[in-house]
Amino acid sequence: MLTPTDKLHPRHVGRLLLAVVMVAAPHVERLPWWTTTLGIMLIVWRAHSAHFDLELPRKWLLVLIVVGTMGGIYITYGRILGRDSGITLLIIMLGLKLLEMATLRDAMIMIFLSYFLVITNFLYSQSILTAIYMLCAVWVITAAMIGFQYRVRQPGYLSQLRTAGEILLQAVPLMVVLFVLFPRVQGPLWGMPQDANAGITGLSDEMSPGSVSQLILSDAIAFRVAFESQIPNSNQLYWRGPVLWDFDGVRWTAPRLPAPLQHEYLPLGVSINYTVTVEPHSRRWLFALDLPARTPPRSIMTNDFQLLAQAELNTRIRYDMSSYLSYRDNAAPARYELRRALALPSGTNPRSAALAAQMMRSSSSERDYVSTVLAMFRSQNYSYTTTPPPLYENPVDEFLFSTRAGFCEHYASAFAVLMRAAGVPARIVTGYQGGEINTVGNYLTVRQADAHAWVEIWLKDEGWIRVDPTAAVSPARVESGVASAIPESEALPILRGDHPWLRNARMTWDSLANSWNQMVLGYTPDRQRQLMRQIGIDDATWRSMVMLMLIAAGIVTLVLTAYLLRRLHVTRPDPVIAAYARFCANLERRGVERHRSEGPDAFCRRACAAVPELAPSINTISNVYIRLRYGSDAQPADVLTLQREVNLLRGRKYARPARRAAA
Amino acid sequence: MLTALKNHLNTWLFRLGEPESGSIVLVQRRIFILPSRHGVLFVCALLLMLTGAINYNLNLGFVLTFLLTAMGVNSILHTFRNLSKLRISPERTQPVFAGVDAQFPLTFEGAGTLDRYSVGITRDKKTVIYADVPAGQSSTVTVDIPALQRGLLRPGRVTLFTYYPIGLCYAWAYINPEVTCLVYPRPEPGVIPLPLPDEQQGQDSALGLGNDDFAGLRSYHPGDSPRHIAWKAAARGQGLLTKQFIGLADRQLWLDWTATPETLGIEDRLSRLTRWICDAHAAGITFGLRIPGLTLPPASGSAQRDRCLEALALFQGDSENNAHADR
């Protein structure tokens, strides 16, 4: 590389193209079609010109393409600098650089750009599969980089891949040290592009008919929970999410400004401890079992026991929680809260209001009224379905009196309206219910499909209590999950099915993904501090971390140095001497020992006399050996002859001397 | 002053002392290593990637950045290892005439079971030769150095370097092997008639070509006069052949320093003698050489030619007076 202007060999170009295609391919699904087309054209163009050794295109043409691309990106995304638009630009630039790449120096820049493009893939996915694929890509890039360095003879591509693999493998120990001990800072360092976390599905802070049931099709994981002791029964697993107070006749919404927690509840029974790992959902809420007993770091609890993180969850977050499954929350709520929990927009759902008034009149108490309403759901031909008929102006009326088929949000909404209409304060709690126990990793997986909505009502003596109207219609929903609750005809995607082996494979895979999330992706600055405490460094400063890192890195590097330089000291035994030594050892077992001072020729004569039946073989071996060691006309093939002859001799039975001795 | 200091530092740091005789083994002390230009660029790319990983909380970004960092760090060892314990043995050199390239064959041999690739050899950082040194084998590389003037030519400081395996580090070592190449004076171009044999020396008259009898053809040797080349044969595609003449072969020819015109400088006079030696040898003539301070009795054959040319190559030309005194 004293000559970085060396012209690139088509072979180098080909391997570099392979690397670029590998890193750019996962982006294709997100790229606008014209970028993909342009990218493919650029790659084909470069491959073509490398293969036929053609001139590369002129600069002005490339500049024209750059300008056109910028315009196209602006039209597609409405911006140039952003996550998606930036990556699109980067990929096109990479393609153009390919067309400008004539020398080794350009090729090295391509290598570095390819490495950089690998990291952009992690913005979209950091799953195990992505990691494995990208590792392969890094491997191919590294092999291409190594390929540039052979100046005399190019070893085969497989051999280059092996060298690259060795070099990467040798980098792993130091990588682990740096990963664990490099002092972490909580990002972001600066504002992220606005589209940095687009396209994540999950709960929202409002609920209208159909908003929860659309989640049922999503197999995406919402969070995973590891319990300290036994996992509670499914019907106790109410994962509290956004609490909705305000109803406009169709939609329920959460208060814009949630009030911080101002009262305490009375725990009954023992607390239950667990650790939650929430997938990023770009909203602020965290999930906990009803009712949460503590607040995770950097989060607050609202007065309706909702956990809100200080910032939107754009990365996976892990926190320890404890909850009381039995509780009494009977502190007197503020008057404005009760007012809010009773508000109904006037003129909407009139038939429901009338029904509520009528049922209330015939009930002896509020408790009795609640039972009456639940009994109505149970007995009057209401059904639970993931594909409810559409509802229009007065959804609660339409649901209660005509369609009578709905998902949890229909029941929760109708129930809450009936409560409020009868003067019982009610609010809707959204979140998740149940979850799937992963028997492989012994933790609970809660998916988007487990999304649920239920109601909390306020009774004078009992305070806020949870009522789940869906359970009245479909007890199976809360007992054993949504998959068993819905009718056969509405079978969910196969993933929720019950083939034992499929289920087992899925659990194993999810368990693996969970470990990956916990150990690799969940290694945050917090976890790093925690680890430091575990090894006895209580308040790890930046400086002590760096010191520790350097010491560990030094040790690892020393070990690697010893390993790498070992090959300078070992010598491969001379195959000729080794073969002859085997020959001597074999003859010794046959009873002819070579004396220290005995030359090969003298030994040969003595051995032939001692073991005459082997004489031809002994003669051949000795002659070839003498020629190889002392002669001047030895051929490389002689080594093979010697080895073959020695092996043949060793293969021959040597019971003879013993028999002769016996005779 | 600064230059002197720099030279001193260079001498101390890089051990640029006297030439070393025999084989040179690149021990640790002799190998230097620095990041290459691409290595610096790589570090910049890593910093960028690290910033991205921190900003977007990408743990796999950290994994990748640190993997590449570790690879870069380890490549220092790999690159160093590619030169370490390399044994360089200078081979015998063949004398050359001034004006052509002297060839210094260097044999490389690695230690251990390590295949070494792309070891570069250069004197001036412009022309580079690369060699692979597979484990247990040796490979010979010839360093060409233009032989500008007669005498003993030393290769001087030769740089061995490598970027292998990933080009991010540059490892190098300087060697200064004690090996010389004998450089004969440049044969005077053109047709210079040989001096007359025996007593006629000292006179400028020479044997005309017409007096010789054409004796036959033999293959061309460097130094043969272009006039004696059988161009017709060459045109027939028979390769370069030199015409041989008899007539002088049986007589003793003294090639004498004094037979060359004094008006020429020492080097030119040596060039002329060189030309004569080549021509006389080519013609198969028995000849002797007389130069100030040295007389080589007449003989023939390539041994005589080499002996005479060596004497001319090593002639102490600074003593112009010698030449006159010897007359």
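This note sets out several points on the structure above.

1. The structure is a predicted model, in which local features need pLDDT of at least 70, side-chain atom pairs count only at pLDDT 80 or more, and totals for chains, interfaces and linings use all residues. Residues are numbered from 1 along each chain as its sequence is written, while chains are lettered from A and ligands numbered from 1 in the order in which they are written.

2. Chains A and B are in contact: chain B contributes 53 residues and chain A contributes 52 residues. Two residues are in contact if their C-beta atoms, placed from the backbone, lie within 7 Å. On the side of chain B that touches chain A, the elements giving two or more residues are α2 (37-55), α3 (59-83), β6 (116-122) and β7 (128-133) of chain B. Helices (H or I, at least four residues) and strands (E, at least two) are DSSP runs, numbered from the N terminus. The most is given by α3(B), with 17 residues.

3. By class, this side of chain B has 31 nonpolar, 18 polar and four charged residues. Here Ala, Val, Leu, Ile, Met, Phe, Trp, Tyr, Cys and Pro count as nonpolar, Asp, Glu, Lys and Arg as charged, and the others, Gly among them, as polar.

4. Chain B is assigned domain 1 (12-184) and domain 2 (198-325); such bounds come from an automatic or database domain assignment. Six residues of domain 1 of chain B are in contact with nine residues of domain 2 of chain B. On the domain 1 side, strand β12 (residues 181-184) of chain B gives the most, with three residues. That side comprises four nonpolar residues, one polar and one charged.

5. In chain A, the axes of helix α11 (residues 395-403) and helix α12 (residues 408-421) come within 10 Å and cross at roughly 105°. Because angles of 65 to 115 degrees count as roughly perpendicular, α11(A) is roughly perpendicular to α12(A). Axes are lines fitted to C-alpha atoms, for helices over the stretch in contact, and angles run from 0 to 180 degrees between N-to-C directions. From α11(A), the contact involves A:Val396, A:Phe399 and A:Leu400; from α12(A), A:His410, A:Ser413, A:Ala414 and A:Val417.

6. Chain A also holds an open sheet of three strands, in the order β8-β11-β10, with antiparallel pairing. Two strands pair if DSSP finds at least two bridges between them. The edge strands, each pairing on one side only, are β8 (285-286) and β10 (299-301) of chain A. In β11(A), A:Leu308 stands opposite A:Trp285.

How values were computed: Parallel < 35°, antiparallel > 145°, perpendicular 65-115°, else oblique.
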